[in-house]
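Please read this briefing alongside the sequence and the structure. The points are grouped by topic.

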Amino acid sequence: MSTSSHSNFSGSAPRDAAVPSVTGTDLAFAWPDGTAVFDGLTFALKGGRTGLIGRNGTGKSTLLKLIAGELTPESGTVRACGDVGYLPQDVTLDTGLRVDQVLGIAEARAGLHAIETGDPGEEHFAAVGDDWDVEERARATLDGLGLAHIGLDRTIGEVSGGECVLLRLAALLLRRPQVLLLDEPTNSLDLSARHRLYAAVDAWHGVLVVVSHDRELLERVDQIADLYEGGLRLYGGNLSAYQEALATEQAAAERMVRVAEADVQRQKRELSEARAKLAARKRYGNKMYANKREPKVVMNARKRTAQESAGKHRILHEQRLDAAREQLSQAAEQVRDDERIRVDLPFTKVPPARQVLTVRDAVLRCGARATFDVYGPERVALVGANGAGKSTLLRTIAGQLAPAEGSVQAHVPLRMLPQRLDLLDASRSIVANVARFAPGAGENRIRAQLARFLFRQGRADQLVGTLSGGELFRATLAALMLAEPAPQLLLLDEPTNSLDLASVAQLTAALESYEGALIVAGHDVPFLRTLGITRWLRLDGELSEVPPVEPAAPPGTPGSAR
């Protein structure tokens, strides 16, 4: 997209307006059941683009809703200096609405048309106000987001889910807010739509706070706000700069833990040695007292002095040990517990020459056509626009749908992870659910394997209905990968949607241990590249092999959007 088109996205405030910002002071919020989300959170976000990250369940979306005014804090204050535009994570629109209604320009547009046709009614001039170029601005904004083909009179029922997200963003941009809040904006977007959104982010000049797990999007921000254990810490730079800074911090924290552990051990030794010396002195004193080598009054005085000295000596060493333990505890608190999934799945291994999948002249339910083969432990990325039929193809391979024509045959056991994580029974425990997929495995073996998926001891007995989004994903992944017979072909449909960065890292680690064939449908190019993809297939009416898909160029690089 050319630089000139980006000006349509400008969100800069008027020069005489107050500098836009978002601040929170001693912010406290809890859910009706008493679960605390924030307790005394204080932060300040000035101009520029901020990527808000954190594990699932830490309160990222809740914080955006508090800033937007959709939730009210129990105590403390949250203040946005400037008009606020908010794009929620779940965008649902009435299918009967027209595009101009979604954009919020229907009344102004109707008034403009009435005036143009000769109706001088005051209500029409009031509806238009000063916005005489409303249609031109709306079309320019739609064009900048790749929606030029969508007319203002079309209804929402005629557009895709990804286009709905961009329409909601276009409505916000037309309002020209000074503070823009985006919650997982790329979840429903294909590669082309994502690049349009990246361009809008690159061109933004007000305050922008975006919650996302999309690495390409987070590479375009000016700072990262890390929500961790109830606190918000700011790191200058994009995601790569944040990860480098965090790695340096964690290395230093781990060194401090090792130093503190060594100090604790040294203090324990010194305390033990001191106690041994004191015990020896006591034995010697008792012997002297028994032999009555000195007057009784002198020996009693010496005994009292020795006891007082011994007590002070012991207390000093115990205090030093307590101090060393406190330092160790403080050092350990600085080390993050971002655990990784480590699994051993030998039965998923597929020899390189083994034919895994055969698809011949298949016509899918959506009308798309596909012919291809998969051999050995190939890792195939399936890309294409929203609505192209990627999910339909995966469901056809999995046997959930029959092709309208042609044939689809899997030659090895397979499992599919759908976009909607609805494979598990919410009323049963994690252990019980995995046992459904592996009826021949004993409970001890299942529990041992679940521990590798970070469900240790009693956590494996949690009801699926009580799990967080990230936990549900891990439990579903465990059920599929531990299933019997072992899956030698895994089908993943948009697996990183709504996963935090830690969960994406855990998924990547789990798939590193997987030795079968893999077909992943998705738009998250950085994630796909971490999987060691060997083939890239694009579905666009017909399935075709394409060169490796490259990430969008970040702003400021040659050939990038800015």
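Helices (H or I, at least four residues) and strands (E, at least two) are DSSP runs, numbered from the N terminus, and two strands pair if DSSP finds at least two bridges between them. This is a predicted model, in which local features need pLDDT of at least 70 and side-chain atom pairs count only at pLDDT 80 or more, while totals for chains, interfaces and linings use all residues. Residues are numbered from 1 along each chain as its sequence is written, and side-chain values use heavy atoms, with hydrogens and water left out.

- Strands β6 (residues 179-183) and β7 (residues 207-211) run parallel and are joined by five bridges.
- Opposite Asp-183 stands Val-211 in β7.

**The three-stranded sheet**

- A further open sheet has three strands in the order β2-β1-β4, with antiparallel pairing.
- Its edge strands, β2 (36-45) and β4 (75-81), each pair on one side only.
- Neighbouring strands of this sheet are turned by 20° against each other on average, direction ignored.
- Strand β1 (residues 21-30) runs antiparallel to β4, and six bridges join the two.
- Thr-25 has Thr-77 in β4 as its bridge partner.
- Helix α2 (residues 60-68) packs on the sheet and touches β1, β2 and β4, where contact means heavy atoms within 4.5 Å.
- The direction of α2 makes about 65° with that of β2.

**Backbone exceptions**

- Most residues other than glycine have a negative phi, and most peptide bonds are trans.
- The peptide bond from Glu-484 to Pro-485 is cis, with omega near -5°.
- Pro-485 belongs to the loop between α15 (469-481) and β15 (489-493).
- Glu-229, in the loop between β8 (223-228) and β9, has a positive phi near 50°.
- Glu-229 counts as exposed because its relative accessibility is 67%; buried means under 20% relative accessible area, exposed over 50%, and partly exposed in between (1.4 Å probe, protein chains only).
- Glu-494 also is not a glycine and has a positive phi, of about 50°, and is placed in the loop between β15 and α16 (501-512).
- Glu-494 has 9% relative accessibility and therefore counts as buried.

**Helix α6**

- In helix α6 (residues 134-144), the buried residues are Val-134, Glu-135, Arg-137, Ala-138, Thr-141, Leu-142 and Gly-144.
- These buried residues pack against α4 (106-116), α7 (161-175) and α8 (191-202).
- An α-helix has 3.6 residues a turn, so residues three or four places apart point the same way.

**Ala-552**

- Ala-552 lies in the segment after β18 (542-546).
- With a relative accessible area of 17%, Ala-552 is buried.
- Ala-552 touches His-195, Tyr-198, Glu-216 and Arg-220, not counting residues up to four places away in sequence.
- From C-alpha to C-alpha, Ala-552 and Glu-216 are 7.0 Å apart in space, although 336 residues apart in sequence.

Methods: Axes fitted to C-alpha atoms, helices over the stretch in contact; angles between N-to-C directions.
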